[in-house]
Structure formats: structure tokens, C-alpha cells
Amino acid sequence: MSGCQHLTAFKAAQGTDTFKIVHDHFVSCTTPQARKRKATSSFCHTCREHKPRLHSCLYCIYFGCYGAQHIHEHAKHKRHNLALDLTYGAVYCFSCSDYVYDRELEQIAGSTTSTRGLRPDLNPWEPTEEEIELLNIHRKRRTITENSTVGLRGLINLGNTCFMNCIVQALTHTPVLRDFFLSDRHNCQMAEESRQCLVCEMGRLFQEFYSGVRTPHIPYRLLHLVWTHARHLAGYEQQDAHEFLIAALDVLHQHCKGTNGLSSNNPHHCNCIIDQIFTGGLQSDVTCQECNNVSTTIDPFWDISLDLGPTDAMILGNHFNSGKGGNGDDLPKTFEEPTSLVTCLKRFTRPEHLGSSSKIKCSSCHNYQESTKQLTMKKLPVVACFHLKRFEHSTGFHKKISTFVSFPDELDMTPFMSSSRNNNNGYTNQVIMESASGLSSENKYSLFAVVNHSGTIECGHYTCYIRLHKNQWFKCDDHLILKADVNEVLNSEGYLLFYHKQILEYE
């Protein structure tokens, strides 16, 4: 929420000094003394307990816990209607009964960010002497074990934002992306006062997720930046999760400011972390039917969209080219709806006859000739995202395809590589045998996230399954996190499938 008249009146009367002092010492904690003060003083002044989601009154010196509503009682009794959430750094207005956004306070908060986030020469995991002293007093330790749930955190739905929440869950549990952000490797090139960098916000989001805090996070800053940089996603209407993913990757790619050095292995020719992880190369081979000349192009991709029904080009090109007429009742069974991800990929990489209506001028015989087109994977990305096209928009008719499409826990992409294609536009028996025997492990992937859509095309809801450890799955439904098993994941409908490469190559 923005434009709160109560906050505007408070700033006019009291200024912003109180907000800055509280934010410096109890939210961002820019000095060891501030961190020590926070550790010893962050408790509810009513129940005297160290509880999560403490709020500090902006009118007087009072801390109150939100869960037990002690801060609510204080606000009502004292008529102090503004408080700062010490966990999220957001201002809550009790008169509006909502968190409120203010650009001036946002800029103040940005200028007081912890030096650990701004100085790469500081080790964020090495405690200071003061912190070591506090750790000795408070003997409780947080360790990472196979049963650890550090990294699990729900997200508050800010009004039909489940499409954003599920993509955030998938990105924050992408292993290589997580390692990048938690090692503080982003060097922001934007002016600090603009506070418009989506990569910086994602860095803060990763810190929130892996801080060990269990209460749901409110991604209001992320939503504000998405609305700013992707205007078509602004508003509280339900949006498409796949569209949000592509828009988010595009903005992150623009804000990363990578070295942009030429790289023969990267079709985007960019060295930013987004392209290093998500970009693959899709090879298109167009073969002239007259002289067999092959024209090859390679295009970058962030995801692969797979049809769940017979495409018009496949039906018309193959059906009428075979000499069959009629109304299509005798179409071959190969055009039935796919039943698995592998079937979808086989059809995606199958040679397609373009037909007489789509003749292409051959560079060899210099005439317009009929041709065939085949797509294969020239370069595989670290993270392969498959988009099952469940929403059909054609001839003014909109519908959702709820056909069950099975997908594996482990996927071998070798049969769909350009190097696996032989001269007859097919795959060699050796490739198929190696794939079946598990010899081609360099092209194997493991499933780590699945985004699902329930409901209809007009009214639906997005949820996400994520893999936290090797055999631990959890269902993320906005603020609710539930334990799941792999069978539940593999039997889900599936809309976006995220796979991570098992073996990484280094240039």
C-alpha cells in the first residue's frame, strides 16, 4: 500500500530521524555496536520475551510483538498508529490496518544497508569479536543437516500474486543461483539512490530466505520493482507464471551488468549469471528437398515451450503430403496428445515438413523449394526449464489443457542434442543405447522445482513444489509450506518444470 495520509502527517510533524535511528540500530545494524544492541534489546516490552516480528513504535520507545498483538494494544491505548517491523523493515499503519510504502523512507533504508552487503572484502560468514562474545552467551547454534529447513520460507500473497510467489520459490532454490547471491558477487552499477536494481532486491530476498527466519516474508519491494520494470504485469489481476518468469529473467539479465565478453559457448554472448545458468542454444536445420542443402542457425533460449496437442503445421504438412484427403478423421495416431515430457521433446525435435505454402529460397540452388525443419539442442543450459503449454488461445477460443503429462525425476537430454542427429534426420542407435545405459551422464538433469496451476483459465491458483535436499520435497502455497513426497510431485499436473544439470562444465 502507498500514499498513507497518516505516515505523511507523521513525517511532516516528526520528520524521519526516528525512522532512521530505529532502522540503523534494529533493522540494518550497520555497526557491531548496533548488532550487539539489537541482540540484547530486541524483546517485547509487555511480555519481555524475544519473539519474532517485533514492531517498534515510531512515537515512543516501545517494542511489541505482532503475533500476540501487544503492539496493537499499545497503538490503540496510546493512539500511536505507526510502527516499524524490525524483521522486514516495513512501516505498519494501524489506522490503515496495512503495511505502507513511502519512497523517502525506502531511500533512507537503502542508504543504511549493512556494510557486509556493500563491501565484498568483508566475509559475511566470519563473525566479529562482539558477535563471538554474543554467541558465547547464547549457546544455541544453527547447523545445516539433511533435515534442516533453512531456506524454506512462505511468501505473503499481496493480492493475486501467487504467480510471482511460485517463481520466486523456484529461483531461490536454484542451487547455482543461490550460491551466487549468498556469496555476494553482484557488483551493482546503478546509482544507489535509485534503488531500482532487481538483482540487488533478489540478493536481499536470498538473505531473507536463508536467514533461518520461519515467518512468511512480505515481497512488497520485489512486487514494486516488477511493476516498475514490467508494466504489462502491473496491477492486481492474475498473471501467467511463465510470462512472469521470462520477464523476471529479462530484467535480471539487464540489471546484472555482466562482463559481456564474447563466449563461443554462450549464444547470448553475455557472461552475466542469468545467461550462465539459464541460456541454452537451439539449433534449427532447414534442409532443401531438392538439393539436400542444409541451412543452420542457432538461437538462444531461456526455456522450451512444448505443445500438448497436435500442431496445425504437423497435421497439415504430414497429412496432406501423404496424399490423404478428407476432413482429418484418418490422421495418423502419431498426432495424439503426448503423455510424457520425453514424448513432448521427441515431437519438438522431430523433422517437420514445411509444405508448399512455406517454401524457402535455397542458398545452394537459388530457387524457392519445399524443405524440412528440425530443432535440436546445440548447447544445454545449467538449468533447463520446460513450459507445458496448457493455456490455448486460438480463433478467439480460450481453454486450459489439463491432460496429465508424466515427467521424470531424472532426465537425459542426449537424444535431443544436435550432435546426436545423423544424416538421415534421426538419432543413431549408439546414442539411444548409451542414453539407456546411463553412459551419457554429462547431459543428465535432476528435477528440483515444479510449478502447478489449479482451476480454470479464468480463475486459478499457482503452487510450487521445491526440492530442498536430495530427497526432501516441499509444497509452497503462498505463506503455507507443507512437506511432500516425490510421488506427489511426479503425479502433479505440471506447468513449469525446472531441471538442474548433474555435472557442470567450466570454461
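Let's start inside: 13 residues line the second largest cavity, and Gly89, Val100, Asp102, Leu105 and Glu106 lie nearest its centre. A cavity here is a set of points, on a 1 Å grid over the protein atoms alone, where a 1.4 Å probe fits but cannot get out, and its lining residues have an atom within 4 Å of a point. This is a predicted model, in which local features need pLDDT of at least 70 and side-chain atom pairs count only at pLDDT 80 or more, while totals for chains, interfaces and linings use all residues. Residues are numbered from 1 along each chain as its sequence is written, and side-chain values use heavy atoms, with hydrogens and water left out.

**The second largest cavity**
- Two elements, α5 (103-111) and α11 (220-229), each give two or more residues to the lining of this cavity.
- The top contributor to that lining is α5, with three residues.
- Sorted by class, the lining has nine nonpolar, three charged and one polar residue; Gly counts as polar in this scheme.
- The space in this cavity is about 90 Å³, a volume being the space filled by probe spheres set on the grid points.
- In the structure there are six cavities of 30 Å³ or more.

**The whole protein**
- You'll find 17 helices and 21 strands here, taken from DSSP runs (H or I, at least four residues, for helices; E, at least two, for strands).
- Of the 507 residues, 46% are buried, meaning under 20% relative accessible area with a 1.4 Å probe, protein chains only.
- Among contacts (heavy atoms within 4.5 Å) with a separation of 6 or more, 65% join residues 24 or more positions apart.

Notes. Buried means under 20% relative accessible area, exposed over 50%, partly exposed in between (1.4 Å probe, protein chains only). On a 1 Å grid over the protein atoms alone, a cavity is a set of points where a 1.4 Å probe fits but cannot get out, and a pocket is an open set with protein on both sides within 12 Å along at least five of seven lines; lining residues have an atom within 4 Å of a point.
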